[in-house]
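Subject: Handover of a structure

Dear colleague,

Please find below the structure that I am passing on to you. The notes that follow it set out what was found.

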Amino acid sequence: MELCDLLQIPKGITCLIGGGGKTTALALLGRELSRRGTVILCTTTHIRPVAGFPLAPNSEIGLREALATHSALCTGTPMEEGKLTAPAVPMARLRELADYVLVEADGARHRPCKAHAPHEPVIPPETALTLLLLGAEGFDRPILEAAHRPERYAPLAQAAPEDLITPERAARVLLAEGLHDAVLINQMESPRQEALARQLAALLPCPVYGGALQKEEWKCLS
């Protein structure tokens with residue numbers, strides 16, 4: 001089963017938040033969905049152009065022309081260091097231009113887990129699905145080491161920054177924030193990581209999926 005089928009990615013806007021592989025998921029879903037319709041990959045914060053996807057002009061006319069020849073592309077407003085920020089075209093309009101719009105809606109500084117600042121994530125009101133990613137490699141590691149914004153993560157987890165991330169503590173953070181519709185636990189590459197992922201899934205009242213995106217392996221956990 002393809003990942004987009006497992007996650008039941010709808011037409012319209014899907015936002016990816018959290019840590020542990022958002023850009024990998026963005027690219028993988030973009031490739032899968034491009035076989036079913038047109039896809040725009042973009043951000044509401046900051047990303048680098050997604051490898052393997054043409055970088056389209058940052059205008060409605062440019063996007064229309066690019067989508068006539070490419071089923072999937074990346075767009076955004078150029079900024080320093082080769083990064084992109086939000087496109088000039090409003091999200092509501094992007095949703096009309098393409099069948100699927102995949103949005104990276106926050107950053108995690110390459111940490112597997114994160115807590116969100118008050119200004120995060122930047123989720124458009126037109127969003128159909130918000131998918132939170134979490135890296136299983138964050139389990140059994142100190143919050144201070146494995147979580148982005150540990151000063152926010154620790155209080156939400158009811159723990160100290162030096163305490164290890166457990167399924168129970170991760171669940172407290174996700175439930176306290178309440179930002180997601182579904183959870184994808186990535187980096188699940190050992191029996192121990194899968195067992196901990198399943199413990200977390202049992203604590204969450206939403207669909208939870210797990211796998212190793214780099215290996216293109218995934219399954220439903222709840």
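**Overall architecture**

The protein chain holds eight helices and 12 strands; helices (H or I, at least four residues) and strands (E, at least two) are DSSP runs, numbered from the N terminus. This is a predicted model, in which local features need pLDDT of at least 70 and side-chain atom pairs count only at pLDDT 80 or more, while totals for chains, interfaces and linings use all residues. Residues are numbered from 1 along each chain as its sequence is written, and side-chain values use heavy atoms, with hydrogens and water left out.

Along the principal axes, the C-alpha atoms of the protein chain fill a box of roughly 50 × 35 × 25 Å. The radius of gyration of the protein chain is 17 Å, which agrees with the value near 17 Å for a compact globule of 222 residues. That radius is taken over C-alpha atoms, and the globule rule is 2.2 Å times the number of residues to the power 0.38.

Of the 222 residues in the protein chain, 54% are buried. Here buried means under 20% relative accessible area, exposed means over 50%, and partly exposed lies in between (1.4 Å probe, protein chains only). Among the contacts in the protein chain with a separation of 6 or more, 70% are between residues 24 or more positions apart; a contact means heavy atoms within 4.5 Å.

Helix α7 spans residues 167-177, and its buried residues are Pro 167, Ala 170, Ala 171, Val 173, Leu 174 and Glu 177. These residues cover an arc of only 160 degrees around the axis, and therefore lie on the same side of α7. The arc is that of the directions from the helix axis to the C-beta atoms. The cover over the buried residues of α7 includes β7 (113-114), β8 (129-135), α6 (150-157), β10 (182-186) and α8 (191-202). After α7 comes Gly 178, which has a positive phi near 60 degrees.

In helix α3 (residues 60-67), the buried residues are Gly 62, Leu 63, Ala 66 and Leu 67. They line one face of the helix, because they fall within an arc of 125 degrees when seen down the axis of α3. Ile 61 and Glu 65, on the other side of α3, are exposed. The buried residues of α3 are covered by elements including β2 (39-43), β3 (72-74) and α4. As background, an α-helix has 3.6 residues a turn, so residues three or four places apart point the same way.

**Residues in loops and in a strand**

Ile 165 belongs to the loop between α6 and α7 and is buried, because its relative accessibility is 1%. Leaving out residues up to four places away in sequence, Ile 165 touches Cys 113, Gly 138, Phe 139, Asp 140, Arg 141, Ile 143, Ala 146, Ala 147, Tyr 153 and Ala 170. Between the C-alpha atoms of Ile 165 and Arg 35, which are 130 residues apart along the chain, the separation is 38 Å.

Ala 86 sits in the loop between β5 and α4 (91-97) and counts as partly exposed, at 28% relative accessibility. Its C-alpha atom is 6.9 Å from that of Cys 42, although Ala 86 and Cys 42 are 44 residues apart along the chain. Apart from neighbours within four places in sequence, Ala 86 is in contact with Thr 43, Thr 44, Thr 45, Gly 76 and Thr 77.

Cys 220 is part of strand β12 (residues 217-220); with 40% relative accessibility, Cys 220 is partly exposed. Beyond residues up to four places away in sequence, Cys 220 touches Leu 6, Arg 198, Val 208 and Tyr 209.

**Backbone angles to note**

Most residues other than glycine have a negative phi, and most peptide bonds are trans. Glu 81, in the loop between β4 (77-78) and β5 (84-85), is not a glycine but has a positive phi of about 60 degrees. Glu 81 is exposed, with a relative accessible area of 59%. His 110, in the loop between β6 (100-104) and β7, also has a positive phi, near 65 degrees, and counts as exposed at 83% relative accessibility. Finally, the peptide bond that joins Glu 120 and Pro 121 is cis, with omega about -20 degrees; Pro 121 is placed in the loop between β7 and β8.

With kind regards
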